[in-house]
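The following exercises concern the structure shown below. Each task is followed by a solution in steps.

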Amino acid sequence: MGSIDKTSMQRRRFIQAASVASIGALVSPSLFLTSCMRDSIVDPAIESNTPFNNPLPSLPSVGTSATLVAQNSLARIFPNVQTRVLGYRNDGILGPTFRARRNDPITVRLQNGLNEATNIHWHGLLVPANMDGHPKDLAQAGGSFAYQYTISQRAGTYWYHPHPHRRTAKQVFMGLAGFFIVSDSEEEALRLPSGDYEILLVIQDKRTNSSRTDLTYNPNMMDVMTGFLGDKILTNGRHGCFVNVATRYYRFRILNGSTARIYNLALSNNAQFYVIGNDGGLLPTLQMVHELLLGPGERADLLIDFSPYNVGTEMYLVSKTFANGGMAQGRQRFEILRFKVDRQEHDTFNVPTALSNIQPLSPGSAVQTRRFDISNPGMMMGGHRINNKTFDPNRIDETVRFNTTEVWEFDNTNGDDPHPMHIHGVQFQVVRRVGGRNTVMPWEMGWKDTVLVMPGEKVQVIMRFEAHKGTFVFHCHNLEHEDDGMMLNFEIV
Ligand code: C2O
Ligand code: CU
Ligand code: CU
């Protein structure tokens, strides 16, 4: 079946389901169908004619101890206008980049300057359950929360963001997020490009009002189905950025910090680039790719070689179209960041092929396999679900024994939309993918905490629950899906 056919079929199915659901939800069917038709089931087109003339901001760093104040803030996202956002500072969007080494103690005081509850989840970090930003552990409006833990894991590109149930998507969209970089001696020994040659990049899509003075977060029922997709791409909290580069290797640590949008990252000249790491740090070996599909919450650690180009060359980091993106994604190619090669520089960096020592977990060592249906059958009848359940903060859905290994299978065989599945409290390895792409992708080697499960795919991951006991969540990192209920509790005992 061609994608057009599939889309119209999905639309029919959606409209049928929608009219049933609207009766159940006492929403006027005609009202609902009109808004559904108006938005239709396609990407909101990414704005074209962006000049990419704004310098890429670098995100300020903090050490291992900090106070973060979640607050209303003003940011220079666009030239010549101040936009109302949320930030962990009073003069901009996003939060500082934490830089820590393995075994460092971390102390963070969150002060809540919002008019609603918030908290911080340390995405990818293995922290005690009561420090993990579980949706029930909140700082109320005007209150605070003291986070304290020790980094007990390998180097990697981690991040942090709020996690209050039903408000996560909005708070992240409005600007609350930041990087958390951990280093260790294994990584330092590789002497990867650093300083000016290491660029942190968070990619996010936004919608604004027409004067661009406000970010607009107002998902309708259709947006909740697909995820809320913006028409403007921000890098490090700014729209239409460029970065000057020298003729040498650069390291790019990329975070997809969007609520729902998936990016198929590539270079506009289709040059290959190297993947050295992902969510949980370095891969075992270097992978060469021409494109890389990055779902919300996932990270990619890349090397790009600019030495073949003449000074004056320009190219873009782009998102290419991709197949099987469900009802709304993958149909449009767009630019993300402009590179300008502006100077000659000699580079003595040797690309290492062996990167990191990783013991594969053997499925034979798993004490059990848990299966999770994430295809959301009958979804319009009451929220996004995992195994037909929506999130209840006080219900334990799965109980796991400390220091055991398990396989978890996320089954989207019959689903219509992609689901980037994320598990707190662990890093896992991707064992296999059946259906769809039918393989573990090169950038999914090593350790991960979020895995993209496209329509038609069934993905197995394996992990050992050896970091901390207690109650954690796992969920879809399409944050509209998460807020709509696609999250469960598991307790490690
Ligand atoms: Cu990045 Cu539970 O989330
Ligand atoms: Cu997380
Ligand atoms: Cu989802």
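**Exercise 1: Thr97**

Thr97 has a relative accessibility of 0% and therefore counts as buried, a class that means under 20% relative accessible area, with exposed over 50% and partly exposed in between (1.4 Å probe, protein chains only). The model is a predicted one, in which local features need pLDDT of at least 70, side-chain atom pairs count only at pLDDT 80 or more, and totals for chains, interfaces and linings use all residues. Residues are numbered from 1 along each chain as its sequence is written, chains are lettered from A and ligands numbered from 1 in the order in which they are written, and side-chain values use heavy atoms, with hydrogens and water left out.

Task: state in which strand Thr97 is placed and which residues it contacts.

Solution. 
1. Thr97 belongs to strand E5; helices (H or I, at least four residues) and strands (E, at least two) are DSSP runs, numbered from the N terminus.
2. Contact means heavy atoms within 4.5 Å. With neighbours within four places in sequence left aside, Thr97 is in contact with Leu59, Pro60, Ser61, Val62, Phe179, Ile181 and Leu200.

**Exercise 2: Leu94**

Task: locate Leu94 in the chain and determine whether Leu94 is buried or exposed.

Solution. 
1. Leu94 sits in the loop between strand E4 (81–87) and strand E5 (97–101).
2. Its relative accessibility is 2%, so Leu94 counts as buried.
3. Not counting residues up to four places away in sequence, Leu94 touches several residues, among them Leu59, Tyr88, Arg89, Val202 and Asn236.

**Exercise 3: the copper ion**

Task: identify the protein donors of the copper ion (ligand 3) and their spacing along the chain.

Solution. 
1. Donors are N, O and S atoms within 2.8 Å of the metal (3.2 Å for Na, K and Ca); water is not among the atoms, so sites may look incomplete.

**Exercise 4: the whole chain**

Task: describe the secondary structure, the extent and the burial of the protein chain.

Solution. 
1. Six helices and 31 strands are present in the protein chain.
2. The C-alpha trace spans about 65 × 55 × 50 Å along its principal axes.
3. Of the 493 residues, 60% count as buried.
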